[in-house]
Amino acid sequence: MDQDTILFLLDRYLKQEATEEDKAVLAQWIEAAGEEEQLLLLEDAWTTFEIREPMREDRMQAILTGILGERPLRKMPVYARGWFRWVAAACIGILLLGSYLLWQGFHRAVMPVAVSPQPLADIRPGGNKAILTLGNGSTIILDSAANGLLAEQGSARISKQGNGTLAYEAGKQSVAAGGVSYNTLTTPRGGQYEVTLPDGTRVWLNAASSLTYPTAFTGKNRKVTMTGEAYFEVAADQRQPFEVETGGLVVQVLGTHFNINAYTDETYVGTTLLEGSVRLRAGKASVVLHPGEQGLTENTTARGNQESISMATHVNLEQVMAWKNGLFYFNHADIQTVMRQLSRWYDVEVEYQGTLPSRDFRGKIQRDLQLSQVLKFLEQSDVHFTLNGKKLIVRP
């Protein structure tokens with residue numbers, strides 16, 4: 001039986017969602033599997049389940065006993081009991097930092113990997129930072145601006161609200177009298193921000209992203225352009241469809257929730273639908289997405305013109321939305337993928353030295369940790385780091 005199936009069933013059991021048929025399959029696996037395989041898969045399932053207490057020997061015994069029912073349980077070997085004492089200590093340390101990272105390499109070992117004893121310099125995590133560029137070219141640094149009315153642009157009043165939010169509302173002037181101008185909201189590396197557009201649409205910008213939009217939506221469509229990554233909750237208006245343009249891709253919606261990842265250093269532009277439906281257009285290609293689906297187009301910056309759209313179904317929406325929910329979520333990610341996300345959020349330049357071992361990173365970690373705390377987790381996978389100012393050196 002493949003390990004992914006066992007991990008899925010163990011996860012259901014820990015969540016108290018397992019059926020009797022699930023338990024029967026798990027019981028067959030326990031009776032057939034070796035003790036080391038039991039140990040490793042249970043540890044994987046336990047950490048993935050995000051339990052806030054460390055896995056102990058007695059807890060493992062209780063899980064196996066609960067699955068087997070009245071069947072006899074083999075005793076855990078001595079080396080495994082010692083290993084679990086180390087896991088408990090490690091988990092306590094991770095909990096004190098307020099997060100954890102699950103990691104898995106191509107070669108797993110019972111003994112812990114040595115971590116560099118030298119303290120790393122530190123960089124604070126990103127936060128609510130953005131610059132608003134008005135239609136006349138003037139700029140407002142939002143993270144240092146006071147809450148309240150910031151400006152009036154055409155027929156719109158622009159206000160900064162608490163918790164990193166910018167809001168547009170109709171002013172006293174009509175659109176005809178006040179006119180329409182275009183504003184751009186830009187987040188730096190290490191920044192994020194939320195804006196409520198004049199029509200009530202809410203947009204969350206990830207780090208190193210931008211959104212350009214009018215101060216009032218006129219005409220047949222509500223059009224905005226973006227770079228980087230953004231999540232949209234579009235206010236419904238069948239008379240005036242909403243359009244997002246990024247590179248050569250156009251996303252057409254009426255009212256829906258979706259995420260677009262269009263960073264120029266990624267190979268593909270990914271549009272993921274959470275609610276409603278959207279139509280993607282790239283060149284002559286056109287597809288309609290349904291909830292849980294993702295459309296992928298080649299990044300125009302890296303590959304040239306977009307001429308086709310590929311589809312992915314059964315997308316991990318939790319992973320796609322992790323950035324908005326304050327998490328990094330790695331699912332079979334290589335070190336380069338991990339570093340691209342860290343470099344944007346902590347505003348560091350990454351340099352690779354030497355031949356790095358192939359590693360497969362899986363798991364979640366909070367985005368409000370100091371950079372040094374994140375790096376200490378990663379160093380458990382035979383990867384080491386040196387931080388010189390804003391340059392992060394990655395080496396074996």
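User: On what basis are the values given, and how many helices and strands does the protein chain have?
Analyst: Residues are numbered from 1 along each chain as its sequence is written, and side-chain values use heavy atoms, with hydrogens and water left out. This is a predicted model in which local features need pLDDT of at least 70 and side-chain atom pairs count only at pLDDT 80 or more, while totals for chains, interfaces and linings use all residues. Helices (H or I, at least four residues) and strands (E, at least two) are DSSP runs, numbered from the N terminus. The protein chain comes to 10 helices and 25 strands.

User: What percentage of the residues of the protein chain count as buried?
Analyst: Buried means under 20% relative accessible area, exposed over 50%, and partly exposed in between (1.4 Å probe, protein chains only). Of the 396 residues, the share that counts as buried is 46%.

User: What span does helix H2 reach from its first C-alpha to its last?
Analyst: Helix H2 covers residues 20–32 and has 13 residues. The expected span of a helix is 1.5 Å times one less than its number of residues. For H2 the expected value is 18 Å, and the span reached is close to it, at 18 Å.

User: Why do the buried residues of H2 lie on the same side, and which exposed residues are on the face turned away?
Analyst: The buried residues of H2 are Asp22, Leu26, Ala27, Trp29 and Ile30. They lie on the same side of H2 because they cover an arc of only 165° around the axis (taken from the directions from the helix axis to the C-beta atoms). The face turned away from this buried side carries the exposed residues Glu20, Glu21, Gln28 and Ala32.

User: Which residues stand opposite Val244 of strand S13?
Analyst: Two strands pair if DSSP finds at least two bridges between them. Strand S12 (residues 222–233) runs parallel to S13 and is joined to it by 4 bridges, whereas strand S14 (residues 249–253) runs antiparallel to S13, with 5 bridges. Opposite Val244 stand Val224 and, in S14, Val251.

User: Which residue in the turn between S13 and S14 has a positive phi?
Analyst: Strand S13 (residues 242–246) is mostly covered, with 4 of its 5 residues buried. S13 and S14 form a hairpin with 2 residues between them. The turn residue with a positive phi, of about 60°, is Gly247.

User: How are helices H9 and H10 oriented, and which residues of H10 make the contact?
Analyst: The axes of H9 (residues 335–346) and H10 (residues 371–378) are lines fitted to C-alpha atoms over the stretch in contact, with angles from 0 to 180 degrees between N-to-C directions. These axes come within 12 Å and cross at roughly 170°. Angles over 145 degrees count as roughly antiparallel, and H9 and H10 are therefore roughly antiparallel to each other. The contact (heavy atoms within 4.5 Å) joins Val338, Met339, Leu342 and Tyr346 of H9 to Leu371, Val374, Leu375 and Leu378 of H10.

User: With which residues is Asn206 in contact beyond four places in sequence?
Analyst: Asn206 lies in the loop between strand S10 (202–205) and strand S11 (209–214). Asn206 counts as buried because its relative accessibility is 6%. Leaving aside neighbours within four places, its contacts are Thr187, Gly191, Glu229, Tyr263, Trp323 and Arg367.

Key. Angles under 35 degrees count as roughly parallel, over 145 as roughly antiparallel, 65 to 115 as roughly perpendicular and the rest as oblique.
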